[in-house]
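Hi,

Here is the structure I said I'd pass on. Have a look at it first, and then read my notes below.

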Amino acid sequence: MKTPKWLEKATFYQIYPQSFYDSNNDGIGDLNGIKQKLDYIKWIGCNALWINPIFDSPFKDAGYDVRDYYKVAPRYGTNQDLEDLVKAAHEKGIRILLDLVPCHTSDDHEWFKASCRQEENEYTHRYIWTHDAFEKPNNGLQAVGGMKDRNGCYVISYFHSQPSLNYGFYRIDDPRWQKGMDSEEAIKTREAIIDVMRFWLSKGVDGFRVDMAACLVKNDYNDEGTRATWKKIFDVIKKEYPESAFVSEWSVPEWSLKCGFDMDFYLDHGWNGGNGYHHLFRCQEVDKNNHIILKDDSYFKTESNKSMMRFLNEYIRRINETRDDGYYCFLTNNHDMPRTSFFYNKHELEIIYSFMFLMPGVPFLYYGDEIGMKFLNVPTKEGGYYRTGARTPMQWDNSKNLGFSKASKEDIYLPVDEDKDAPTVEKAKKDPNSLLYLFKKLIELRNTYEDLGNVQNFELIDASENRKFVIYKRGNFYFLLNPSVYDEKYYLDGNFEIIHQVGNIDINNRIINKSSFVVLRKL
Ligand code: NOJ
Ligand code: CA
């Protein structure tokens, strides 16, 4: 299976639709709002979108609890609005990925309601139920009992409102209620989800970000059952839509890319031993409310003394294993974690974002990170809990609600940043040193020099366990990364020109200053 060619030049912008732009003044972001901001996204240099779930939902997990896969949630618009958005985006050269949630539905989904009935019906096995309301699974699965008339406990994926769809079991240890991964019941679920993909792809959508992609098959060993299931799904869908693109929330690229995904998020869920992402950016200890940082051992924290090896060892092994299989995706942040700006100052952010956006793979920019939006201390909304602080409305300008919505302050989805210095797009556009222009420049660099593009090329030149300074290379470009408190001497033969620089370098004496990141091109 080949990854679509367009990914070679793709740079993504992630939109949390309820918080992006409200076009009809009801206080919540919507599809027409996204349509009105396409020129802004294009101006930054992004040419693809990932939009978080937009399907009909009771929103107990912000739309990751789908009630109807075939219907746009009325608060975002209509199916026609989505088609119009796709058309408008395509006219501007922007692709769109929707968010597919294949592991579970909402407990308000018609399939689940039917599955809860005592009498056998078409959907009895669409979800995973134990054979007895008093007997919970004893193999680590979470299940809910005593809530429905059907005599059994239903397995959940995440919150109680998210019952797991039945893709079968890799290892069956209780045949009274577990079905095989190639059972008729599992095949029916697979086909149902393929139909959902087909429906939206036929409307022009370019693909999907796939939620919890690693979790389809239960009692799985090394995700083997889930991998086999994805292969079967892609065998069908990629034949019909060879240009469609899929990015997995899996973070084990050597598995996800080999079963047919085109891209995998390089986040660290700690599965399969972890992939090192965590050590780069997110080794913080925070207080129980997640709003005070107690300790920071991340590589990119200037004062930490942690080397980059914890990441490099994992990363290099993986890219060697997956060289031609697809792309890794670094994201500035997403809707599930505190914004990066919460942990780092502007200078550190410039280093981090320069690093991320000049790595191989397909980069993802989370809305608002381009202006340094804050992680706000706001009350929970729609199952967000601590994550809610990273989901607040986009800050456009200094007008009412920072330009997000003309609704009254009490009626907007989440409060906007009330600080008088709250960043906005308007302010960032007037400041040549803003993060916004940094992103614009980084994307331009990617597009100008093939060596700096998405296609895999990364060669480590120098790194060690006992210092932070690292040199690596992409084609003709040399990266000197020194997020530390020490100036460092470097040894590179040849003549170089500076292509990009955060902090300082003394090229004549070959010294890179503390807290600096410089990209050199060999002449
Ligand atoms: C991952 C999503 O990113 C998150 O927001 C959601 O709550 C869970 N999956 C459950 O679907
Ligand atoms: Ca609206």
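What spacing do the donors of the calcium ion (ligand 2) follow along the chain? They follow D-x1-N-x1-D-x1-I-x1-D, where donors are N, O and S atoms within 2.8 Å of the metal (3.2 Å for Na, K and Ca), and sites may look incomplete because water is not among the atoms.

A quick note on the model: it is predicted, so local features need pLDDT of at least 70 and side-chain atom pairs count only at pLDDT 80 or more, while totals for chains, interfaces and linings use all residues. Residues are numbered from 1 along each chain as its sequence is written, chains are lettered from A and ligands numbered from 1 in the order in which they are written, and side-chain values use heavy atoms, with hydrogens and water left out.

Back to the calcium ion (ligand 2): D22 (OD), N24 (OD1), D26 (OD), I28 (O) and D30 (OD) coordinate it at 2.2 to 2.4 Å. Both D22 and D30 are buried (under 20% relative accessible area, with a 1.4 Å probe and protein chains only).

Now for ligand 1. The residues around ligand 1 (a heavy atom within 4 Å) include D61, Y64, H104 and E249. By class, that shell has 7 charged, 3 nonpolar and 2 polar residues.

- D336, at 2.5 Å
- H335, at 2.8 Å
- R209, at 3.1 Å

On its own, ligand 1 has 290 Å² of accessible area (Shrake-Rupley method, 1.4 Å probe), and the protein covers 97% of that.

Cheers

How values were computed
Buried means under 20% relative accessible area, exposed over 50%, partly exposed in between (1.4 Å probe, protein chains only). A polar contact is a pair of N or O atoms within 3.5 Å; within protein, one must be able to donate a hydrogen and the other to accept it, and residues adjacent in sequence count only if both atoms are side-chain atoms. Ala, Val, Leu, Ile, Met, Phe, Trp, Tyr, Cys and Pro count as nonpolar, Asp, Glu, Lys and Arg as charged, and the others, Gly among them, as polar.
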